[in-house]
Amino acid sequence: MKGIFPLQKLEQHRTPFYYYDVELLRETLRTIQAEASKHEGFCVHYAIKANANPKVLKIIREAGLGADCVSGGEIEASIRAGFPNQKIVYAGVGKSDWEINLGLDNDIFCFNVESIPELEVINELAAAKGKQARVAFRLNPNVGAHTHANITTGLAENKFGIDMRDMLTVIEEASKMANIKVVGLHFHIGSQILDMGDFEALCNRVNELQNELERHRICLEHINVGGGLGIDYQHPNRVPIPDFKAYFDTYAKKLKLRNGQTLHFELGRAVVAQCGSLITRTLYIKNGYVKKFCIVDAGFTDLIRPALYQAYHKIENLSSEEPMEAYDVVGPICESTDVFAKQVDIHKAHRGDLIAIRSAGAYGEIMASQYNCRRLPEGFTSEDI
Ligand SMILES: *Cc1c(COP(=O)(O)O)cnc(C)c1O
(Lines give C-alpha, C1' and ligand atoms only; values in the text may rest on other atoms or scores of the structure.)
Protein backbone atom coordinates (compact mmCIF):
# COMPACT_ATOMS: atom_id res chain seq x y z
CA MET A 1 0.00 0.00 0.00
CA LYS A 2 3.00 2.31 -0.39
CA GLY A 3 1.28 3.64 -3.48
CA ILE A 4 -0.80 5.99 -1.35
CA PHE A 5 2.30 8.14 -0.89
CA PRO A 6 3.35 10.41 -3.79
CA LEU A 7 7.04 9.68 -3.23
CA GLN A 8 8.38 12.08 -5.84
CA LYS A 9 6.43 14.99 -4.37
CA LEU A 10 7.39 14.07 -0.83
CA GLU A 11 11.06 14.03 -1.88
CA GLN A 12 10.91 17.73 -2.74
CA HIS A 13 10.22 18.94 0.79
CA ARG A 14 12.52 19.48 3.70
CA THR A 15 11.96 16.76 6.27
CA PRO A 16 10.50 16.16 8.77
CA PHE A 17 6.98 17.21 7.88
CA TYR A 18 3.41 16.01 8.24
CA TYR A 19 1.56 14.72 5.23
CA TYR A 20 -2.26 14.59 5.25
CA ASP A 21 -4.21 12.40 2.85
CA VAL A 22 -7.16 14.67 2.11
CA GLU A 23 -9.12 12.02 0.26
CA LEU A 24 -9.06 9.75 3.30
CA LEU A 25 -10.02 12.65 5.57
CA ARG A 26 -13.02 13.50 3.36
CA GLU A 27 -14.07 9.84 3.16
CA THR A 28 -13.83 9.59 6.96
CA LEU A 29 -15.98 12.71 7.36
CA ARG A 30 -18.57 11.39 4.90
CA THR A 31 -18.76 8.16 6.90
CA ILE A 32 -19.20 10.05 10.16
CA GLN A 33 -21.99 12.24 8.79
CA ALA A 34 -23.72 9.30 7.09
CA GLU A 35 -23.69 7.14 10.23
CA ALA A 36 -24.60 9.96 12.65
CA SER A 37 -27.46 11.26 10.50
CA LYS A 38 -29.18 7.87 10.69
CA HIS A 39 -30.12 8.84 14.24
CA GLU A 40 -32.33 11.79 15.08
CA GLY A 41 -30.73 14.59 17.07
CA PHE A 42 -27.10 13.44 16.74
CA CYS A 43 -24.66 16.37 16.33
CA VAL A 44 -20.96 15.78 15.80
CA HIS A 45 -18.26 18.22 16.87
CA TYR A 46 -14.60 17.89 16.09
CA ALA A 47 -12.15 18.16 19.01
CA ILE A 48 -9.78 20.85 17.73
CA LYS A 49 -7.02 19.77 20.08
CA ALA A 50 -6.32 16.64 18.00
CA ASN A 51 -5.12 18.69 15.03
CA ALA A 52 -5.56 22.42 14.38
CA ASN A 53 -3.77 22.63 11.03
CA PRO A 54 -5.82 25.30 9.18
CA LYS A 55 -6.14 23.18 6.01
CA VAL A 56 -7.38 20.23 8.02
CA LEU A 57 -9.80 22.41 9.99
CA LYS A 58 -11.25 23.89 6.81
CA ILE A 59 -12.05 20.44 5.40
CA ILE A 60 -13.69 19.38 8.66
CA ARG A 61 -15.75 22.58 8.82
CA GLU A 62 -16.86 22.10 5.20
CA ALA A 63 -18.16 18.66 6.17
CA GLY A 64 -20.52 20.37 8.61
CA LEU A 65 -19.07 19.34 11.97
CA GLY A 66 -19.07 21.68 14.95
CA ALA A 67 -15.97 22.52 17.01
CA ASP A 68 -15.03 21.36 20.49
CA CYS A 69 -12.49 23.70 22.07
CA VAL A 70 -10.42 23.44 25.24
CA SER A 71 -8.78 26.89 25.18
CA GLY A 72 -9.27 30.44 23.94
CA GLY A 73 -6.67 29.79 21.26
CA GLU A 74 -8.77 26.92 19.96
CA ILE A 75 -11.88 29.13 19.92
CA GLU A 76 -9.88 31.61 17.81
CA ALA A 77 -8.64 28.83 15.51
CA SER A 78 -12.16 27.49 14.96
CA ILE A 79 -13.56 30.95 14.24
CA ARG A 80 -10.70 31.55 11.80
CA ALA A 81 -11.53 28.25 10.10
CA GLY A 82 -15.13 29.38 9.72
CA PHE A 83 -16.92 27.16 12.25
CA PRO A 84 -20.24 28.85 13.09
CA ASN A 85 -20.37 30.27 16.64
CA GLN A 86 -23.47 28.32 17.50
CA LYS A 87 -21.57 25.08 16.82
CA ILE A 88 -18.67 25.87 19.17
CA VAL A 89 -18.46 24.26 22.60
CA TYR A 90 -15.80 25.15 25.11
CA ALA A 91 -14.56 22.75 27.83
CA GLY A 92 -11.58 22.76 30.18
CA VAL A 93 -10.82 22.64 33.93
CA GLY A 94 -9.04 25.97 33.97
CA LYS A 95 -10.68 28.64 31.85
CA SER A 96 -9.11 32.07 32.34
CA ASP A 97 -11.15 35.27 32.23
CA TRP A 98 -10.06 36.34 28.74
CA GLU A 99 -11.00 32.91 27.41
CA ILE A 100 -14.46 33.07 28.99
CA ASN A 101 -14.91 36.61 27.64
CA LEU A 102 -13.92 35.42 24.17
CA GLY A 103 -16.58 32.72 24.35
CA LEU A 104 -19.18 35.24 25.57
CA ASP A 105 -18.30 37.82 22.90
CA ASN A 106 -18.76 35.18 20.23
CA ASP A 107 -22.01 33.82 21.72
CA ILE A 108 -20.75 30.23 21.57
CA PHE A 109 -23.15 27.30 21.81
CA CYS A 110 -22.09 26.21 25.26
CA PHE A 111 -19.51 26.38 28.06
CA ASN A 112 -18.84 22.97 29.54
CA VAL A 113 -18.38 23.90 33.18
CA GLU A 114 -16.19 21.84 35.50
CA SER A 115 -16.67 23.48 38.94
CA ILE A 116 -18.88 25.86 40.96
CA PRO A 117 -16.12 28.52 41.27
CA GLU A 118 -15.87 28.52 37.47
CA LEU A 119 -19.65 28.85 37.17
CA GLU A 120 -19.57 31.90 39.47
CA VAL A 121 -16.91 33.58 37.33
CA ILE A 122 -18.81 32.89 34.11
CA ASN A 123 -21.94 34.36 35.70
CA GLU A 124 -20.08 37.54 36.73
CA LEU A 125 -18.38 38.00 33.37
CA ALA A 126 -21.66 37.38 31.53
CA ALA A 127 -23.43 39.91 33.80
CA ALA A 128 -20.79 42.53 32.97
CA LYS A 129 -21.65 42.07 29.31
CA GLY A 130 -25.39 41.88 29.89
CA LYS A 131 -25.43 38.38 28.43
CA GLN A 132 -26.66 34.97 29.42
CA ALA A 133 -24.08 32.19 29.16
CA ARG A 134 -25.27 28.80 28.03
CA VAL A 135 -23.64 26.13 30.17
CA ALA A 136 -23.52 22.35 30.45
CA PHE A 137 -22.09 20.68 33.50
CA ARG A 138 -19.24 18.29 32.89
CA LEU A 139 -19.95 15.42 35.23
CA ASN A 140 -17.46 12.79 36.23
CA PRO A 141 -19.39 9.57 35.58
CA ASN A 142 -16.83 7.38 37.36
CA VAL A 143 -16.73 5.12 34.33
CA GLY A 144 -13.36 3.60 33.49
CA ALA A 145 -12.09 3.30 29.95
CA HIS A 146 -9.86 0.36 29.11
CA THR A 147 -7.05 2.42 27.70
CA HIS A 148 -3.70 3.89 28.78
CA ALA A 149 -3.82 5.29 32.35
CA ASN A 150 -2.64 8.73 31.17
CA ILE A 151 -5.65 9.10 28.87
CA THR A 152 -8.54 8.05 31.12
CA THR A 153 -10.52 11.05 32.28
CA GLY A 154 -13.80 9.72 33.66
CA LEU A 155 -12.71 8.21 36.97
CA ALA A 156 -13.34 9.85 40.34
CA GLU A 157 -9.55 10.19 40.79
CA ASN A 158 -9.12 12.31 37.62
CA LYS A 159 -9.06 16.11 37.83
CA PHE A 160 -11.87 16.52 35.32
CA GLY A 161 -15.51 17.32 35.89
CA ILE A 162 -17.90 17.60 38.80
CA ASP A 163 -18.72 14.60 40.96
CA MET A 164 -21.98 13.19 39.65
CA ARG A 165 -23.37 13.06 43.20
CA ASP A 166 -23.36 16.88 43.09
CA MET A 167 -25.43 17.10 39.90
CA LEU A 168 -28.65 18.39 41.46
CA THR A 169 -26.82 20.80 43.77
CA VAL A 170 -24.94 22.46 40.92
CA ILE A 171 -28.04 22.72 38.75
CA GLU A 172 -29.88 24.32 41.65
CA GLU A 173 -26.99 26.75 42.28
CA ALA A 174 -26.97 27.69 38.62
CA SER A 175 -30.70 28.30 38.54
CA LYS A 176 -30.17 31.13 41.06
CA MET A 177 -27.70 32.86 38.77
CA ALA A 178 -29.32 35.44 36.50
CA ASN A 179 -26.73 35.25 33.73
CA ILE A 180 -26.48 31.48 33.44
CA LYS A 181 -28.70 29.17 31.45
CA VAL A 182 -28.20 25.45 32.03
CA VAL A 183 -28.68 23.64 28.76
CA GLY A 184 -26.95 20.30 29.09
CA LEU A 185 -24.79 17.65 30.69
CA HIS A 186 -21.32 16.83 29.42
CA PHE A 187 -19.17 13.72 29.79
CA HIS A 188 -15.86 12.50 28.38
CA ILE A 189 -14.40 9.24 29.67
CA GLY A 190 -11.08 8.99 27.88
CA SER A 191 -9.37 8.37 24.58
CA GLN A 192 -8.37 5.56 22.19
CA ILE A 193 -11.37 3.51 23.34
CA LEU A 194 -12.09 0.47 21.16
CA ASP A 195 -14.39 -1.49 23.48
CA MET A 196 -17.99 -0.40 22.80
CA GLY A 197 -18.74 -1.73 26.31
CA ASP A 198 -17.01 1.35 27.74
CA PHE A 199 -19.38 3.67 25.85
CA GLU A 200 -22.29 1.43 26.88
CA ALA A 201 -21.29 1.89 30.53
CA LEU A 202 -21.39 5.66 29.97
CA CYS A 203 -24.87 5.37 28.40
CA ASN A 204 -26.12 3.45 31.42
CA ARG A 205 -24.76 6.13 33.72
CA VAL A 206 -26.35 8.93 31.68
CA ASN A 207 -29.69 7.10 31.79
CA GLU A 208 -29.50 6.85 35.60
CA LEU A 209 -28.68 10.54 35.90
CA GLN A 210 -31.48 11.51 33.52
CA ASN A 211 -33.93 9.45 35.58
CA GLU A 212 -32.84 11.38 38.63
CA LEU A 213 -33.35 14.67 36.78
CA GLU A 214 -36.79 13.55 35.68
CA ARG A 215 -37.78 12.87 39.27
CA HIS A 216 -37.00 16.54 39.89
CA ARG A 217 -38.83 17.60 36.72
CA ILE A 218 -35.66 18.82 35.04
CA CYS A 219 -35.20 18.26 31.34
CA LEU A 220 -32.11 19.60 29.58
CA GLU A 221 -31.73 20.55 25.92
CA HIS A 222 -28.78 18.33 25.24
CA ILE A 223 -26.45 15.59 26.38
CA ASN A 224 -22.81 15.69 25.29
CA VAL A 225 -20.95 12.38 25.56
CA GLY A 226 -17.52 13.67 24.50
CA GLY A 227 -15.22 11.73 22.22
CA GLY A 228 -12.76 8.93 22.71
CA LEU A 229 -13.35 6.53 19.83
CA GLY A 230 -10.05 4.82 19.05
CA ILE A 231 -8.34 3.85 15.82
CA ASP A 232 -6.33 0.84 14.60
CA TYR A 233 -2.69 1.92 14.96
CA GLN A 234 -1.52 -1.57 13.94
CA HIS A 235 -3.33 -1.62 10.60
CA PRO A 236 -3.67 1.86 9.07
CA ASN A 237 -4.03 0.39 5.57
CA ARG A 238 -6.55 -2.33 6.42
CA VAL A 239 -8.64 -0.20 8.78
CA PRO A 240 -8.23 3.39 7.59
CA ILE A 241 -11.70 4.41 8.84
CA PRO A 242 -12.82 3.60 12.39
CA ASP A 243 -16.09 1.75 13.01
CA PHE A 244 -18.34 4.79 13.30
CA LYS A 245 -21.41 2.65 12.67
CA ALA A 246 -20.80 0.54 15.78
CA TYR A 247 -20.02 3.70 17.74
CA PHE A 248 -23.15 5.69 16.87
CA ASP A 249 -25.37 2.59 16.95
CA THR A 250 -24.21 1.88 20.51
CA TYR A 251 -25.38 5.32 21.62
CA ALA A 252 -28.61 5.09 19.62
CA LYS A 253 -29.44 1.77 21.20
CA LYS A 254 -28.31 2.36 24.78
CA LEU A 255 -28.78 6.04 25.57
CA LYS A 256 -32.37 7.10 26.18
CA LEU A 257 -32.82 10.62 24.89
CA ARG A 258 -35.79 12.59 26.19
CA ASN A 259 -38.23 14.31 23.86
CA GLY A 260 -36.51 16.90 21.68
CA GLN A 261 -33.11 16.34 23.27
CA THR A 262 -30.02 16.37 21.07
CA LEU A 263 -26.98 14.14 21.59
CA HIS A 264 -23.58 15.74 20.97
CA PHE A 265 -20.28 14.03 20.24
CA GLU A 266 -16.75 15.43 20.31
CA LEU A 267 -14.54 13.21 18.21
CA GLY A 268 -10.89 14.04 17.77
CA ARG A 269 -8.54 11.16 17.12
CA ALA A 270 -11.05 9.08 15.14
CA VAL A 271 -11.51 11.95 12.65
CA VAL A 272 -7.91 12.81 11.82
CA ALA A 273 -5.44 10.17 13.05
CA GLN A 274 -5.35 7.86 10.05
CA CYS A 275 -5.07 10.55 7.39
CA GLY A 276 -1.76 11.86 8.73
CA SER A 277 1.81 10.57 8.55
CA LEU A 278 5.03 12.05 9.80
CA ILE A 279 7.52 11.92 6.93
CA THR A 280 11.15 11.80 7.99
CA ARG A 281 14.49 11.05 6.36
CA THR A 282 17.06 8.49 7.41
CA LEU A 283 20.25 10.24 8.45
CA TYR A 284 22.42 7.32 9.48
CA ILE A 285 22.35 3.59 9.97
CA LYS A 286 24.38 2.76 13.02
CA ASN A 287 25.36 -0.85 13.52
CA GLY A 288 25.73 -1.53 17.22
CA TYR A 289 26.92 -4.80 18.76
CA VAL A 290 23.45 -5.86 19.80
CA LYS A 291 21.18 -4.02 17.41
CA LYS A 292 20.93 -1.68 14.46
CA PHE A 293 19.75 1.89 14.79
CA CYS A 294 17.96 3.76 12.07
CA ILE A 295 18.58 7.38 13.01
CA VAL A 296 16.02 9.71 11.43
CA ASP A 297 15.69 13.50 11.33
CA ALA A 298 12.35 13.58 13.20
CA GLY A 299 12.31 13.41 16.97
CA PHE A 300 9.84 13.53 19.81
CA THR A 301 9.63 17.26 19.23
CA ASP A 302 7.71 16.36 16.05
CA LEU A 303 5.71 13.41 17.40
CA ILE A 304 5.70 12.92 21.16
CA ARG A 305 3.17 10.08 21.49
CA PRO A 306 5.71 7.21 21.60
CA ALA A 307 7.77 8.97 24.30
CA LEU A 308 4.75 10.24 26.27
CA TYR A 309 2.33 7.31 26.11
CA GLN A 310 4.50 4.44 24.86
CA ALA A 311 2.26 4.67 21.81
CA TYR A 312 2.74 2.37 18.83
CA HIS A 313 2.93 3.85 15.32
CA LYS A 314 3.44 1.70 12.26
CA ILE A 315 6.67 2.64 10.50
CA GLU A 316 7.35 2.14 6.79
CA ASN A 317 10.41 2.74 4.66
CA LEU A 318 8.99 4.35 1.52
CA SER A 319 12.26 4.29 -0.42
CA SER A 320 13.31 0.64 -0.22
CA GLU A 321 12.06 -2.72 -1.45
CA GLU A 322 14.94 -4.68 0.03
CA PRO A 323 14.28 -7.47 2.56
CA MET A 324 13.07 -6.50 6.00
CA GLU A 325 15.53 -5.83 8.79
CA ALA A 326 14.97 -5.00 12.45
CA TYR A 327 15.96 -1.54 13.68
CA ASP A 328 15.46 0.72 16.61
CA VAL A 329 14.10 3.82 14.86
CA VAL A 330 15.36 6.80 16.84
CA GLY A 331 15.47 10.58 16.59
CA PRO A 332 18.31 13.07 17.06
CA ILE A 333 17.18 14.63 20.35
CA CYS A 334 19.44 14.38 23.36
CA GLU A 335 17.07 12.20 25.42
CA SER A 336 16.94 8.42 25.73
CA THR A 337 13.17 8.51 25.28
CA ASP A 338 13.59 9.86 21.75
CA VAL A 339 12.71 6.49 20.22
CA PHE A 340 9.86 5.89 17.76
CA ALA A 341 10.05 2.08 17.89
CA LYS A 342 12.34 -0.64 19.11
CA GLN A 343 13.25 -3.67 16.99
CA VAL A 344 10.75 -2.89 14.29
CA ASP A 345 10.95 -4.57 10.87
CA ILE A 346 11.22 -2.21 7.91
CA HIS A 347 12.72 -2.60 4.44
CA LYS A 348 16.51 -2.37 4.69
CA ALA A 349 17.27 1.29 5.23
CA HIS A 350 19.97 3.56 3.81
CA ARG A 351 20.95 7.16 4.39
CA GLY A 352 18.44 9.38 2.57
CA ASP A 353 15.49 6.94 2.64
CA LEU A 354 12.09 8.48 3.38
CA ILE A 355 10.34 6.91 6.35
CA ALA A 356 6.60 7.28 7.08
CA ILE A 357 5.42 7.14 10.68
CA ARG A 358 1.77 6.31 10.20
CA SER A 359 -1.49 7.21 12.00
CA ALA A 360 0.05 10.46 13.19
CA GLY A 361 -2.73 12.87 12.19
CA ALA A 362 -4.04 13.19 15.76
CA TYR A 363 -1.96 14.60 18.63
CA GLY A 364 1.04 14.83 16.30
CA GLU A 365 1.70 18.17 14.64
CA ILE A 366 -0.25 20.04 17.29
CA MET A 367 1.93 18.71 20.13
CA ALA A 368 5.19 19.60 18.42
CA SER A 369 7.72 21.61 20.42
CA GLN A 370 10.96 23.46 19.79
CA TYR A 371 13.07 21.65 22.37
CA ASN A 372 16.73 21.56 21.29
CA CYS A 373 15.87 24.73 19.28
CA ARG A 374 14.40 22.55 16.59
CA ARG A 375 12.11 23.92 13.87
CA LEU A 376 8.43 23.08 14.10
CA PRO A 377 7.40 20.57 11.42
CA GLU A 378 5.31 21.84 8.51
CA GLY A 379 2.04 20.22 7.48
CA PHE A 380 1.18 19.55 3.84
CA THR A 381 -1.99 18.06 2.43
CA SER A 382 -2.10 15.74 -0.57
CA GLU A 383 -3.70 18.64 -2.46
CA ASP A 384 -1.10 21.29 -1.81
CA ILE A 385 2.11 19.29 -1.70
C1 LIG B 1 -9.70 15.34 24.16
C2 LIG B 1 -11.14 15.57 24.25
C3 LIG B 1 -11.98 15.08 23.24
C4 LIG B 1 -11.49 14.27 22.06
O5 LIG B 1 -10.96 13.05 22.43
P6 LIG B 1 -10.58 11.97 21.29
O7 LIG B 1 -10.11 10.81 22.08
O8 LIG B 1 -9.49 12.56 20.47
O9 LIG B 1 -11.80 11.68 20.50
C10 LIG B 1 -13.33 15.35 23.36
N11 LIG B 1 -13.82 16.06 24.39
C12 LIG B 1 -13.03 16.55 25.37
C13 LIG B 1 -13.65 17.34 26.47
C14 LIG B 1 -11.67 16.32 25.34
O15 LIG B 1 -10.90 16.80 26.31
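Predicted model: local features only at pLDDT ≥ 70, side-chain atom pairs only at ≥ 80, totals over all residues.
Residues are numbered from 1 along each chain as its sequence is written, and side-chain values use heavy atoms, with hydrogens and water left out. Local features need pLDDT of at least 70 and side-chain atom pairs count only at pLDDT 80 or more, whereas totals for chains, interfaces and linings use all residues.

Oxygen atoms of the ligand lie 2.3 Å from a polar side-chain atom of Ser 191, 2.7 Å from a side-chain N or O atom of Lys 49 and 2.8 Å from a polar backbone atom of Arg 269. The protein buries 94% of the 390 Å² that the ligand exposes when taken alone (Shrake-Rupley method, 1.4 Å probe).

The largest nonpolar core has 97 residues (buried Ala, Val, Leu, Ile, Met, Phe, Trp, Tyr and Cys residues joined through side-chain atoms within 4.5 Å; buried means under 20% relative accessible area, 1.4 Å probe, protein chains only). Helix α8 (residues 196-215) gives the most to this core, with seven residues (helices are DSSP runs of H or I, at least four residues, numbered from the N terminus). Phe 248 is one of the residues with the most contacts inside the core (heavy atoms within 4.5 Å). Residues touched by Phe 248, not counting those up to four places away in sequence, include Ile 32, His 39, Phe 42 and Phe 265. A second, separate core of ten residues includes Phe 5, Leu 10, Ala 356 and Phe 380.

Definitions and conventions
Polar contact = N/O pair within 3.5 Å; in protein donor to acceptor, adjacent residues only side chain to side chain. Buried < 20%, exposed > 50% of the residue type's maximum accessible area, 1.4 Å probe, protein only. Helix = DSSP H or I, 4+ residues; strand = E, 2+ residues; numbered from the N terminus.
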